[in-house]
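Here are my notes for you to read alongside the model. Take them one at a time and look up each part as you go.

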Amino acid sequence: MEHNKHIKPTNRITALSSLDNKMGVKIGVFPASGALGSSIVNHLVKLVPESDLILSARRPEKLQDLKQAGATVHRADYDEPSTLDTAFKGVEVLMLVSYASFETDHRIEAHRLAIDAAIRCGVKHIFYSSLGFGGDLNDHTIAHVMGAHIVTEKYLSTVQDKISYTSVREGIYTESFPIYTAFYDLKNPADEVAIPHSGKGPGVAWVKRDELGEATAKLIVSYIKDPARFKYVNKAILLSGPREITLAETVEILGRVVGKDLKIREISVDEYVDLPQIGDNHTYRGVDLSREWTTAWEAIRRGEAAVVTPAMREILGREPESFETTIKALV
């Protein structure tokens, strides 16, 4: 499912430095202290002065070093919508990192309230962190985890007369492999991976999370440099890893790294839901979503996570890191 393999990287996005943002455009990041948010921030500070950043998080003390360096820091919480008006004041370009859950209804409402707050505060453009299910930027999916993202993208499209947006479909994180392998633990490796998937067929274009953070930061600064020429205004972009890897090969790579001849044992959805390690790991806001999570494997089976695009290579100016390299570093 790979396409445009031979497009050469462009220099427009990659040739950025801290000297490029002389306009003093205020960039907001919320939440700014999670795994993806902090990665984006860490790469933004290489491209723009800390004084151009307005960072918000549930626990702002995690951002103390950036505050001391000149960033504006607020406390804000998706679950306390009243905090968002204060957090987004003065922000011109907002990086809205999606609510950390795969429960759908609450997540949709949290995103909508944040977008509405951004509009009230005069934010001009939102970068929204979506997810790499849905195939080649399709607006439908069978993956439960993608549902809130699709609805949020559609909501952004309905308010583009008030605020422009870019939906960044962040590819499936390499670091998230445990949730696709029955929570396989590299530090305490089991002898098999029991999931409701054979491992064959379309796979996943795994991508390193910190490289997603880097690419997203460069997209934001590219927009600030030249909004009129930025080609993803009111559009989506898919950031994928360098190649599609079947789940069978994924598990084989995990096995090589831990020194085991590791294979997938295909089980039913009912058997998966009953595995002892599953319930606690798939419970959100008191609701066990183990069965809903299994739709991710059906989405993978249908090729929703297998699309490879040249975007990461173009933005980073290099080939993205391989799945195996990232996994070795985790160990």
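1. First, the ground rules. This is a predicted model, where local features need pLDDT of at least 70, side-chain atom pairs count only at pLDDT 80 or more, and totals for chains, interfaces and linings use all residues. Residues are numbered from 1 along each chain as its sequence is written, and side-chain values use heavy atoms, leaving out hydrogens and water.

2. The protein chain averages 92, and 93% of the residues score at least 70. Watch residues 1-21, though: pLDDT stays under 50 there, and the model has 54 contacts for them beyond four places in sequence (contact means heavy atoms within 4.5 Å). Where pLDDT is low, the predicted coordinates should not be read in detail.

3. Now the sheet. Helices (H or I, at least four residues) and strands (E, at least two) are DSSP runs, numbered from the N terminus, and two strands pair if DSSP finds at least two bridges between them. Seven strands make an open, parallel sheet in the order β3-β2-β1-β4-β5-β6-β8. β3 (72-75) and β8 (235-239) are at the edges with a single partner strand each, so one side of each has no neighbour in the sheet. From one strand to the next, the twist averages 20°; axes are lines fitted to C-alpha atoms, for helices over the stretch in contact, and angles run from 0 to 180 degrees between N-to-C directions.

4. Zoom in on β5 (residues 125-131). It pairs with β4 (residues 93-97) in the parallel sense over five bridges, and V93 has H125 in β5 as its bridge partner. Helix α5 (residues 147-158) lies across β5 and β6 (164-170), at about 160° to β5.

5. Two loops deserve a look. The peptide bond from F30 to P31 is cis, with omega near -15°, and P31 sits in the loop between β1 (27-30) and α1. L137, in the loop between β5 and α5, has a positive phi of about 65° although it is not a glycine.

6. What about open space? On a 1 Å grid over the protein atoms alone, a pocket is an open set of points with protein on both sides within 12 Å along at least five of seven lines, while a cavity is a set where a 1.4 Å probe fits but cannot get out; lining residues have an atom within 4 Å of a point. Points are joined across faces, edges and corners, and a volume is the space filled by probe spheres set on them. The largest pocket has about 1000 Å³. Of its 39 lining residues, S98, Y99, A100, S101 and R107 are the closest to its centre.

7. Finally, the structure holds one cavity of 30 Å³ or more. The largest cavity has a volume of about 50 Å³, and its lining includes G132, E304 and V307.

Notes. pLDDT = per-residue confidence, 0-100.
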